[in-house]
Amino acid sequence: MTKIENAFANGKTFIPFITCGDPDLDTTKAAIRAMVKAGADLIELGIPFSDPTAEGPVIQGANVRALKGGVTTDKIFAMVEELRRDLTTPLVFMTYANVVFSYGAERFMARCREVGVSGLILPDVPFEEKGEFSSICRAYDVALISLIAPTSKDRIAMIAREAEGFLYLVSSLGVTGTRSEITTDLKAIVDVVRANTTIPCAIGFGISTPEQARNMAHLADGAIVGSAIIKLLAEHGTGAPSVIGDYVARMKSAVLEA
């Protein structure tokens with residue numbers, strides 16, 4: 001069983017996201033440790049990019065702050081390597097194709113395997129173009145995690161059948177960010193996914209409250225939260241890790257009630 005499979009093996013899964021280097025990597029490390037202690041099952045680590053097209057203003061701001069602070073892909077790999085000395089929680093990267101291309105795709109995947117990163121999410125790579133990365137990912141045991149959006153429609157079954165790791169189900173049209181209400185017919189999408197794969201699916205985009213997390217986990221196998229956590233970082237800065245830990249504990253508790 002892979003590390004990602006293990007994350008979904010014990011009931012409903014909570015997956016927090018954090019932008020690495022916002023406001024600095026020491027804070028990122030402390031926040032990751034706090035999230036693990038609070039019960040996070042799997043953590044998405046954002047590698048900052050100058051043009052993060054899938055992100056709303058909250059995570060865009062985190063990318064800008066991290067890049068201004070001097071974070072690099074190599075520094076993030078080194079941070080993960082340090083964390084891996086004692087943390088076993090599954091980790092996946094979320095970034096953009098240019099980041100991987102500029103680093104060198106094979107070198108990037110090799111480093112993922114070396115430091116213990118189990119998966120990669122590239123929101124700007126359409127399913128039909130994933131072949132540029134999938135064979136290299138497979139060679140280094142890195143799951144290339146696919147996204148399914150409300151607009152995927154007739155492509156949902158096809159994407160599900162070729163899924164690796166877990167499926168990231170986008171709850172709403174548009175970019176990341178908290179939403180007061182999620183109106184997409186997510187059950188219909190999950191039903192198609194279930195009919196075509198045994199790979200777990202988790203719902204992200206727009207989730208910020210325990211009630212939303214509980215509802216999403218009831219429909220799927222887990223909930224993903226990013227912008228709400230980044231808002232805590234923006235508000236509390238280097239003091240954010242303990243606040244984030246408390247927030248993750250509440251969200252994980254809500255997911256388990258689903």
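**Close-up views of the predicted model**

Figure 1. Val92 stands opposite Gly119 in β4. The coordinates are those of a predicted model, in which local features require pLDDT of at least 70, side-chain atom pairs count only at pLDDT 80 or more, and totals for chains, interfaces and linings use all residues. Residues are numbered from 1 along each chain as its sequence is written, and side-chain values use heavy atoms, with hydrogens and water left out. Strands here are DSSP runs of E of at least two residues, helices are runs of H or I of at least four, and both are numbered from the N terminus. Strand β3 (residues 91–94) and strand β4 (residues 119–121) pair in the parallel sense over three bridges; two strands are taken as paired if DSSP finds at least two bridges between them. On its other pairing, β3 joins β2 in the parallel sense over four bridges, with Leu91 of β3 as the bridge partner of Ile43. Leu91 and Phe93 point one way from β3, Val92 and Met94 point the other way, and all are buried (under 20% relative accessible area; exposed is over 50% and partly exposed lies in between, with a 1.4 Å probe and protein chains only).

**Figure 2. The sheet as a whole and the β1–β2 pairing.** Nine strands form an open sheet with parallel pairing, in the order β5-β4-β3-β2-β1-β9-β8-β7-β6. The edges are held by β5 (143–145) and β6 (147–148), each with a single partner strand, so one side of each is left without a neighbour in the sheet. Strand β1 (residues 13–19) pairs with strand β2 (residues 43–46) in the parallel sense over three bridges. Within this pairing, Ile18 stands opposite Leu45 in β2.

Figure 3. Strand β7 (residues 167–170) pairs with β8 in the parallel sense over four bridges, and Leu169 stands opposite Ile203 in β8. The parallel pairing of β8 with strand β9 (residues 222–225) runs over two bridges, where Ala202 faces Gly222 in β9.

Figure 4. The structure holds two cavities of 30 Å³ or more. On a 1 Å grid over the protein atoms alone, a cavity is a set of points where a 1.4 Å probe fits but cannot get out, a pocket is an open set with protein on both sides within 12 Å along at least five of seven lines, and lining residues have an atom within 4 Å of a point. Grid points are joined across faces, edges and corners, and a volume is the space filled by probe spheres set on the points. The second largest cavity has a volume of about 50 Å³. Among its lining residues are Phe17, Thr19, Gly46, Ile59, Met94 and Tyr96. Both β1 and α3 (57–68) supply at least two residues of this lining.

**Figure 5. The second largest pocket.** A volume of about 260 Å³ is found for the second largest pocket. Its lining comprises 15 residues, of which Thr2, Lys3, Ser118, Asp141 and Val142 lie nearest its centre. At least two lining residues come from each of α1 (3–7) and α6 (105–115). The largest share, three residues, comes from α1.

Figure 6. Lys130 lies in the loop between β4 and α7 (131–139) and is buried, with a relative accessible area of 9%. Leaving aside residues up to four places away in sequence, Lys130 touches Val125, Leu144 and Glu162, contact being heavy atoms within 4.5 Å. Ala157 belongs to helix α8 (residues 156–161) and counts as buried at 18% relative accessibility. With the sequence exclusion of up to four places, Ala157 touches Val192 and Asn196. The C-alpha atoms of Ala157 and Leu144, which are 13 residues apart along the chain, are separated by 17 Å.

**Figure 7. Confidence along the chain.** The mean pLDDT of the protein chain is 92, and 94% of its residues reach 70 or more; pLDDT is the predictor's confidence in each residue, from 0 to 100. Over residues 174–181 pLDDT stays under 50, and for these residues the model has 28 contacts beyond four places in sequence.
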